[in-house]
Structure formats: C-alpha cells, structure tokens
Amino acid sequence: MNKGKLFVFTGPSGTGKGTILGQVLAQDERLRVSVSATTRPPREGEIHGTHYWFLTHEDFEARIAQDAFLEHACYVGNHYGTLEQPVNEELEKGNDVVLEIEVQGAMQIHQKRPDAVMVFVAPPSIEALSERLHGRGTESEDKIAARLAQAEEELRYKNHFDYVIINDILEDAVADLCAILRAERCRVSK
Ligand code: 5GP
C-alpha cells in the first residue's frame, strides 16, 4: 500500500484555519488531523486528546529531550508541537495527515520532510483578522495584540508555501483546500 501524504496547513491565528479544516475533514475520509501538544491552558470546551494534548512545561520539555516532536515552536508565550509517532503511524496506514500549525513549525517540516505539501491560509486583510479575533472573544486584548503582531510576521512567509488560500468567502476557501488535496493525490512522484 502507498504511504499517505503529509499536508501542512498554516496561517495567522484567527484566519479561519480550524473552520476550513473542520469542513474539509468532515467530507474527506482519507484525511487525518494531527493532535498537537501545547502548554497553553485549555479554552472552554476544549478536550484533552481531541483538540490538543495539554501538557505542563515539564512534560513538554521532557518530550523535547526524548526527541518526540516532528516540530515544535514557541508561539505568544506557549509551546506547541507535533508528536512524530502518531503522524508516522497514520502515514504508514496510507492515510493523509494534515498539521494545523504556525509558521516556525511549518518551516521545520519543510526542512525535515521536503515532500510535505505546504498550504498557507491568509486573511483578506489585517483589519478583517482583527475583527475576527475580537469577535471570537477567546483572548484578552493584550493577547489579541500579540497575535496580530505575530500575524504580520507570519504573512511575510507566505511565499515559502506551495499554495496560498485567501479566506474571504468560507465556501470558496473550503473548495480550494479540497481541490489542492485532490490535485496532490493525482500528482506523479518523481
Ligand atoms: P491556538 O492557541 O489558537 O490554539 O494556536 C495558536 C497557534 O499555534 C495557531 O497558529 C496554531 O495553528 C498553532 N499550533 C497549533 N498546534 C501547533 C503545533 O503542533 N506546532 C506548531 N508549531 N504550531 C501549532
């Protein structure tokens, strides 16, 4: 059986990555999302093992020391990382795996797994992003400011990616990601 493909889905916080991905996952049987580890405290409704593996700083550091992460990064004061073993297991089973991660982690994957398909999702504008982060209401004002500053930095990296999706109209963004998955599955590996 052929191994699955690895997809990286990156873009500033509040761009709608999670919403787009949720809709694509619901209609794509071969796609699995990797559950990341983080030291960020859970938001209301977030479940350990479903949304994230919520770890203490000590646990996270121990996994770094064990070389358990495919990539990891510090984002606005917290650590986030992709555990390598579950990703490899899904790929070996022939499933495609998508990582929903920020830019520094995406660049690490690009180095380590050059065959990974790199997709960047961008907001129509920084103003639209600010409105979404405020509307979501999950972060305090200073955290929103930090995420917006980080977003400007992240947008600088978008030309390092294979594909850029502008999330202006959600249905179009979902269709774009489905089209990318479909095209990549038809790609002849050289
Ligand atoms: P949030 O706190 O909003 O859940 O996530 C903050 C940022 O961290 C988002 O851009 C999200 O995609 C990213 N992120 C989530 N999991 C990982 C991961 O495993 N590695 C990296 N590098 N970033 C992650």
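Contact here means heavy atoms within 4.5 Å. By that criterion, of the contacts in the protein chain between residues at least 6 apart in sequence, 67% join residues at least 24 apart. The structure is a predicted model, in which local features need pLDDT of at least 70 and side-chain atom pairs count only at pLDDT 80 or more, while totals for chains, interfaces and linings use all residues. Residues are numbered from 1 along each chain as its sequence is written, and side-chain values use heavy atoms, with hydrogens and water left out.

We can start with the overall fold. Seven helices and nine strands make up the secondary structure of the protein chain; these are DSSP runs numbered from the N terminus, with helices (H or I) of at least four residues and strands (E) of at least two. The radius of gyration of the protein chain is 16 Å, close to the 16 Å that the globule rule gives for 190 residues, so the chain is as compact as a globular protein of that length. This radius is taken over C-alpha atoms, and the globule rule is 2.2 Å times the number of residues to the power 0.38. Along its principal axes, the C-alpha trace spans about 50 × 40 × 30 Å.

The surface and the interior come next. Of the 190 residues in the protein chain, 44% are buried, where buried means under 20% relative accessible area, exposed over 50%, and partly exposed in between (1.4 Å probe, protein chains only). The accessible surface of the protein chain comes to about 10300 Å², and carbon and sulfur atoms account for 49% of it. These areas come from the Shrake-Rupley method with a 1.4 Å probe; for residues, only the protein chains shown count as cover.

The structure holds five aromatic pairs. One of them joins Phe120 and Phe161, whose ring centres are 5.1 Å apart and whose planes meet at 65°, so the pair is edge-to-face. Rings of Phe, Tyr and Trp (its six-membered ring) pair if their centres lie within 6.5 Å, and planes under 30 degrees apart count as stacked, over 60 as edge-to-face and the rest as tilted. Phe120 lies in strand β8 (residues 117-122) and Phe161 in the loop between α6 (141-155) and β9 (163-166), so the pair ties together parts that are 41 residues apart in sequence. Phe120 is buried at 0% relative accessible area, and Phe161 also counts as buried, at 9%. Elsewhere, Tyr52, Phe54, Tyr75 and Tyr80 form one aromatic cluster.

Two further buried residues show how the interior is lined up. Val24, in helix α1 (residues 17-27), has a relative accessible area of 0%. Leaving aside neighbours within four places in sequence, Val24 touches Leu31, Val174, Leu177, Cys178 and Leu181. Thr82 belongs to strand β6 and is likewise buried, at 0% relative accessibility. With the sequence neighbours within four places left aside, the contacts of Thr82 include Ser34, Ser36, Phe69, Leu70 and Ile101.

Most residues other than glycine have a negative phi. Asp67, however, has a positive phi near 65°; this residue sits in the loop between α2 (57-65) and β5 (69-75) and is exposed, with a relative accessible area of 60%. Val76 also has a positive phi, near 45°, and is found in the loop between β5 and β6 (78-83). At 21% relative accessibility, Val76 counts as partly exposed.
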